[in-house]
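Dear colleague,

I am passing on the structure we spoke about, and below it you will find some notes on what turned up. Please read them with the model open beside you.

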Amino acid sequence: MPDAALAAWITGSLITQRASDRRETVAWERERERERGLWAREDEARTFEHRRQAYVEFYGAVKALAREAYNHGYGFREETELREGWQAEASAKLAQLQFYADRPVAAAASAAYGAAWSWGHFGEYDAPDTQDFYEREQKYDAAELEMLLLMRQSLSIPDTDEALPPPGYTYEEVPHAEEDPAEGEHPESI
């Protein structure tokens, strides 16, 4: 009978070891899945931060590009031609943005860049009263506003009141809330 006891002990040990291996494999897989989730969240946060940084840097660069076009059109610089490579920084920032941005933001950023570039490139020196100057300026303003709104939406920046313009902008026609005429009247101070 010692052989039977030894066989039972070996069989019991194997069954116990196999069950232990299964538990360990399940625990290991669970831990790996938890780590993958943690890494994915860290990657997502890092990508979001890169996207935010690319948006902010491009926004500043395209504003500087438009400022150059504006200053050229008004003749605020002594040089009658735009400096060589005046668009280089904005172009580099656009390439970086396009890597991180979703398609609507990338398209809006390209449109804003193109509008600012053409405003300066095709604009005449010290000719702010021409129709062409104002048309290019308005095209840039519209493209920049569209880009800004899409960037804010992409970054999940909430708008508390969609009737209000984004920071730095004013709407020509301010939407008025419907008021009760009696509410608009204020008693005279005594």
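Is Arg36 buried, partly exposed or exposed? With a relative accessible area of 34%, Arg36 is partly exposed; please bear in mind that this is a predicted model. Its side chain meets that of Glu33 in a salt bridge, at 2.9 Å from N to O, and the two residues sit three apart in helix 1, about one turn of the helix. Glu33 is likewise counted as partly exposed, at 48% relative accessibility.

The count of salt bridges comes to eight, and another of them joins Arg34 to Glu31, with the closest N and O atoms 2.8 Å apart. The pair formed by Glu144 and Lys63, whose closest N and O atoms are 3.0 Å apart, ties together parts that are 81 residues apart in sequence, because Glu144 lies in helix 4 and Lys63 in helix 1. Glu144 is buried, at 2% relative accessible area, whereas Lys63 is partly exposed at 31%.

Leaving aside residues up to four places away in sequence, Tyr55 touches Leu97 and Met151, among others.

Finally, there is one cavity of 30 Å³ or more, with about 40 Å³ of space, and its lining includes Gly123, Glu124 and Phe133.

With best wishes

Methods
Residues numbered from 1 in each chain as written. Predicted model: local features only at pLDDT ≥ 70, side-chain atom pairs only at ≥ 80, totals over all residues. Heavy atoms only, no water. 1 Å grid on protein atoms, 1.4 Å probe; cavity = no way out; pocket = protein on both sides within 12 Å on 5 of 7 lines; lining within 4 Å. Points joined across faces, edges and corners; volume = space filled by probe spheres on them. Contact = heavy atoms within 4.5 Å. Salt bridge = Lys/Arg side-chain N within 4 Å of Asp/Glu carboxyl O. Helix = DSSP H or I, 4+ residues; strand = E, 2+ residues; numbered from the N terminus. Buried < 20%, exposed > 50% of the residue type's maximum accessible area, 1.4 Å probe, protein only.
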